[in-house]
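Open the structure in your viewer and get your selection tool ready. We will take a short walk through it, one stop at a time.

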Amino acid sequence: MSASSATAPRSASPPQPGEAILDVDHLHVAFQTPDGPVIAVEDVSLTVRKGEFLSIIGPSGCGKSTVFNVVGGLLTEHEGRVSVAGETIVGPHPSIGMVFQEESTFPWRTVIDNVAFPLELTGMPKAQRLERARHFIEMVGLQGFERRYPGELSGGMRQRVSLARTLASEPKILLMDEPFAALDEQTRLLLGDKVLQIQQELQQTTLLITHNITEAVQMSDRILVMTYRPGKAKRIVEIDLPRPRTSEIVGSEAFGRYVAQIWADLREEASRGLTDDETSRNRGSAS
Amino acid sequence: MSKASRGPNALAFAVGIGCLVVFLLVMEALIQFGFVNRFIIPPPSEVAMSFERVIVEEDILHRFLLTATECLTAGVMLTVFGVIGGVLLHRFKLLQQACETWIAAAASAPVVLMYPLFLVIFGRSAWTIIMIGFVAALPPVILKTLEGLSDTRRVLVNVGKSFNLTPMQSFWKILFPAALPTIFVGIRLGLIFALINIVGVEFLINFGGLGQLINELAERYDLAGTYAAICFVILVSVVFFMSLERIERWLRPAH
């Protein structure tokens, strides 16, 4: 099933506002397992427009992270085409900045050195890159913590360091895989605010992978709902909530309607996932 | 370092010294009251009294420096070759599959018993002692380097990939710093193995250094002097471990 909402351009010219910048076309990923091949993602198509915030939501095991790895260029064995501004992705692409689900700061570097990491790779002079890094540290609200090591920070602060480090590489597309999954609900909502604020400030094209409906509705312009294994695009939901948004929007009636609508879609898939898990466990304990 | 973190460190140091003093007092009492034979273990007070004699009469500074130099040479060699060996095993999976078990087995081999072979190859020189120390201590450094590199969290490697790092950049900027704490565990283990073997071979071939002094004092049945000389071996170990800790803190301050 295809959930593409715009026709992807094939030219390599710089994208215009509202123009498609990321195009996933009939993506199909299968893994070999001892029990035979498992289809993780089946025929998923989507288009992300410049400046848009698009979320992919689905139950555990629906292949969301596989899509993340393919778009990020970390997984290259797949069928279908993934392109950035018309250029096919064959590995990690400089236009895509990735924020990972797991804690990914470098523990041996201070906050400022972590954030300056991508700038260091470009050969930017030290004074200049530290200045730039400070700008992004301020953006994520970590001023005053520049000389701290990640081990001295909370989980939420470490995720902000990762976000600032990715933003410092000035990616055209910010790709995030459940970046707040390990955080408590309050921190998650407040960090969501921060991401929204940054996204609006930079007009940052963002693709968020999540299993959290509240998070997806709070931040997105559109949400792609995926089915349980094999992961297919079930539906795209347009989120017509006013911007700028903050976490206060979660109390609104319209927000609640969107959450209920997406949960109705997801519930069936999540139930299938649960049943599948139980069957596998029973089979495992019987053998 | 902040005052808050200095406090517990100073306390830990004081408790450590306190434990040592209590242990020595207990040993002194056990020996003085005849619960432990003083002809097997001399009282700590006698050992303390013998320090001056050992230092003045036994050319301790020269012996200390010889053992320390042999240990340093073996330490530098095992760090260089051990880390390179671990990196090669990590880089070439076939090599790792072929050799890892053998290297692990070699870690527990009593290399010191092969000293006649080393004597034939290197002659009755400091190199025989250094090479035995080096060969005996190499496996833990190789294995710990391999472990450190292999256990680097996948997500950190993926961060490097997402920034389009070259394999060389990925190694120096991510894999190596991530593996450093484990590599240092290997070097510490290696230094322990090296020091044991170096002093052991000095003892066996009567070439020089603290091992030879321990042998001579033991043959004279100067037990207090023997234990005093052993304290100098411990001092070599302490010097190396403190230096290593400083190097590690310099290389990876956040550890």
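This is a predicted model: local features need pLDDT of at least 70, side-chain atom pairs count only at pLDDT 80 or more; totals for chains, interfaces and linings use all residues.

**Stop 1: a helix in chain A.** Select residues 64-71 of chain A, which form helix 1. How many of its eight residues are buried? Six are, leaving the helix mostly covered. Colour them to see the pattern: Lys64(A), Thr66(A), Val67(A), Phe68(A), Val70(A) and Val71(A). Following the helix you will meet Gly73(A), where phi is positive, near 85 degrees.

**Stop 2: a serine in a loop.** Now pick Ser104(A), in the loop that links strand 6 (96-99) to helix 2 (111-115) of chain A. Is Ser104(A) buried or exposed? Its relative accessible area is 1%, so Ser104(A) counts as buried. Show its neighbours beyond four places in sequence: Ser162(A) and Arg165(A) from chain A, plus Val155(B), Leu156(B) and Val159(B) from chain B.

**Stop 3**

**Stop 4: two crossing helices.** Select helix 2 (residues 44-57) and helix 10 (residues 223-251) of chain B, whose axes come within 8 Å and cross at roughly 75 degrees. Helix 2 of chain B is therefore roughly perpendicular to helix 10 of chain B. Show side chains at the contact, including Phe51(B) and Val54(B) from helix 2 and Tyr227(B) and Phe232(B) from helix 10. By class, this contact has nine nonpolar, two polar and two charged residues.

Methods:
Residues are numbered from 1 along each chain as its sequence is written. Chains are lettered from A and ligands numbered from 1 in the order in which they are written. Side-chain values use heavy atoms; hydrogens and water are left out. Helices (H or I, at least four residues) and strands (E, at least two) are DSSP runs, numbered from the N terminus. Buried means under 20% relative accessible area, exposed over 50%, partly exposed in between (1.4 Å probe, protein chains only). Contact means heavy atoms within 4.5 Å. Axes are lines fitted to C-alpha atoms, for helices over the stretch in contact, and angles run from 0 to 180 degrees between N-to-C directions. Angles under 35 degrees count as roughly parallel, over 145 as roughly antiparallel, 65 to 115 as roughly perpendicular and the rest as oblique. Ala, Val, Leu, Ile, Met, Phe, Trp, Tyr, Cys and Pro count as nonpolar, Asp, Glu, Lys and Arg as charged, and the others, Gly among them, as polar.
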